[in-house]
Amino acid sequence: MKKLKIVLSVMLSCFIFLGLYLSQTRKKEYSATEFVLDTSCSVTFYGRNAKEAADAVFAELRRLDDLMSLYKSSSEVSKINAARAGEAVSVSKDTYEVLKTALEICEKSGGAFDITLAPVTMLWGFGSKDEKIPEDKELKSAVSKTGYEKISLKDGQTVIKSEDGVKIDLGGAAKGYAGDCARKVAKSYGLTGGIIDLGGNIICFGENPKSDDKKWTIGIQIPFEPSGTYEKTVVLDEGAVVTSGIYQRYFELDEKLYHHIIDPKTGYPARRDYKSVTVVLDNSLKADCLATAAYVLDKESAKTLIEQYKGEIYYEY
Ligand code: AMP
Ligand code: MG
């Protein structure tokens, strides 16, 4: 009888200890913000290793920025941009994957999304201290150097340009890919859930401990309102909510607004009556390319394109 009592009390202690341990594990929350990928990136993670996961995620974001930045001379994008026509440039799996998916969406969007806009975007210099309205003539000459069909991929590791002077800008895709990688890294730390915000690209996974149904509610930013102002929301278990908006990068001159989403046909900012497009999809890289493409396309063509990927699309005016 005495033995049974001891066994029972040991078991009870174990259960209490396990319960306390699990509740602590679930509750542990860690948030951090860093400037990387040319934007402010934040994470909020839940789980025992939340801080370690956040540190690893920021290291991953810096690694990807080093590969895909247009402005870092040591990046793989710079290596591709400096190459001559016909030269085989070997790149990492990461850059290759971004190029492969991005080129697929360049094609499916009929060139509304075009990764070879660097000669044009560098003239405008959005977000840099050299922002300016380029001369019409120089813009025309820059547009003539663009065209995604001038880039080809080979053997899972090689990029080849068909003309000298072709330059890529992965600004419309790299943050999306970084979101997918960040989620993978975060999950490898056994978190119970988390949310990642890469300057308008939101990725969530696992359980949201702050909601009764454990789902994530993501607000769609109202353009030009203070950050965090929203009316529409998207409720998700897991996935990406990616917004391309003219309020994210722009300058004003003589009461006219010039923004960073370029119509590849003209080299000028795309003129639309909406101010942002949001795409919801599990894959953040695809959502990123599609959101930029959808901003440039008319609404009917955007709908057809997004349907092919089984995504959802929302507009803000
Ligand atoms: P996002 O914020 O994802 O819409 O990407 C916008 C960024 O992608 C710009 O800052 C440019 O670097 C680049 N970009 C602009 N217009 C386009 C376009 N039509 N297709 C592909 N990339 C673009
Ligand atoms: Mg994009």
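Guide: D288 and T292 lie four residues apart in helix α8 (residues 284-296), so about one helical turn separates them. In general, an α-helix has 3.6 residues a turn, so residues three or four places apart point the same way. This is a predicted model, in which local features need pLDDT of at least 70 and side-chain atom pairs count only at pLDDT 80 or more, while totals for chains, interfaces and linings use all residues. Residues are numbered from 1 along each chain as its sequence is written, chains are lettered from A and ligands numbered from 1 in the order in which they are written, and side-chain values use heavy atoms, with hydrogens and water left out.

Helices (H or I, at least four residues) and strands (E, at least two) are DSSP runs, numbered from the N terminus. α8 has 13 residues and reaches 19 Å from its first C-alpha to its last, close to the 18 Å expected at 1.5 Å a residue; the expected span is 1.5 Å times one less than the number of residues. The rest of the structure largely encloses α8, because twelve of its 13 residues are buried. Among these buried residues are L285, C289, L290, Y295 and V296. The N-terminal end of α8 is capped by N283, which has a side-chain oxygen 3.0 Å from the backbone nitrogen of L285.

S244 sits in strand β10 (residues 239-245) and is buried, with a relative accessible area of 6%. Not counting residues up to four places away in sequence, S244 touches I261, K275, S276, V277, A291, T292 and Y295, contact being heavy atoms within 4.5 Å. Of these, I261 is 17 residues from S244 in sequence and 8.1 Å away in space, C-alpha to C-alpha.

Another neighbour of α8 is helix α4. The buried residues of α4 pack against α2 (50-68), α3 (76-82), β4, β5, α7 (174-187) and α8. α4 has 16 residues and extends 23 Å from its first C-alpha to its last, close to the 22 Å expected at 1.5 Å a residue. Its buried residues include D94, T95, Y96, V98 and L99. T95 has a relative accessible area of 0% and, leaving aside its neighbours within four places in sequence, is in contact with L67, M68, E76 and I80. Just after α4, G110 takes a positive phi of about 65 degrees.

Three strands form an open sheet in the order β3-β5-β4, with antiparallel pairing; strands pair if DSSP finds at least two bridges between them. Its edge strands are β3 (89-90) and β4 (151-154), each of which pairs on one side only. β4 and strand β5 (residues 158-161) pair in the antiparallel sense over four bridges, and T158 in β5 is the bridge partner of K154. Helix α4 (residues 93-108) packs on this sheet, touching β4 and β5, and its direction makes about 125 degrees with that of β4. Axes are lines fitted to C-alpha atoms, for helices over the stretch in contact, and angles run from 0 to 180 degrees between N-to-C directions.

As for the setting, the protein has nine helices and 14 strands. Buried residues make up 50% of its 317 residues.

Note on methods. Buried means under 20% relative accessible area, exposed over 50%, partly exposed in between (1.4 Å probe, protein chains only). A polar contact is a pair of N or O atoms within 3.5 Å; within protein, one must be able to donate a hydrogen and the other to accept it, and residues adjacent in sequence count only if both atoms are side-chain atoms.
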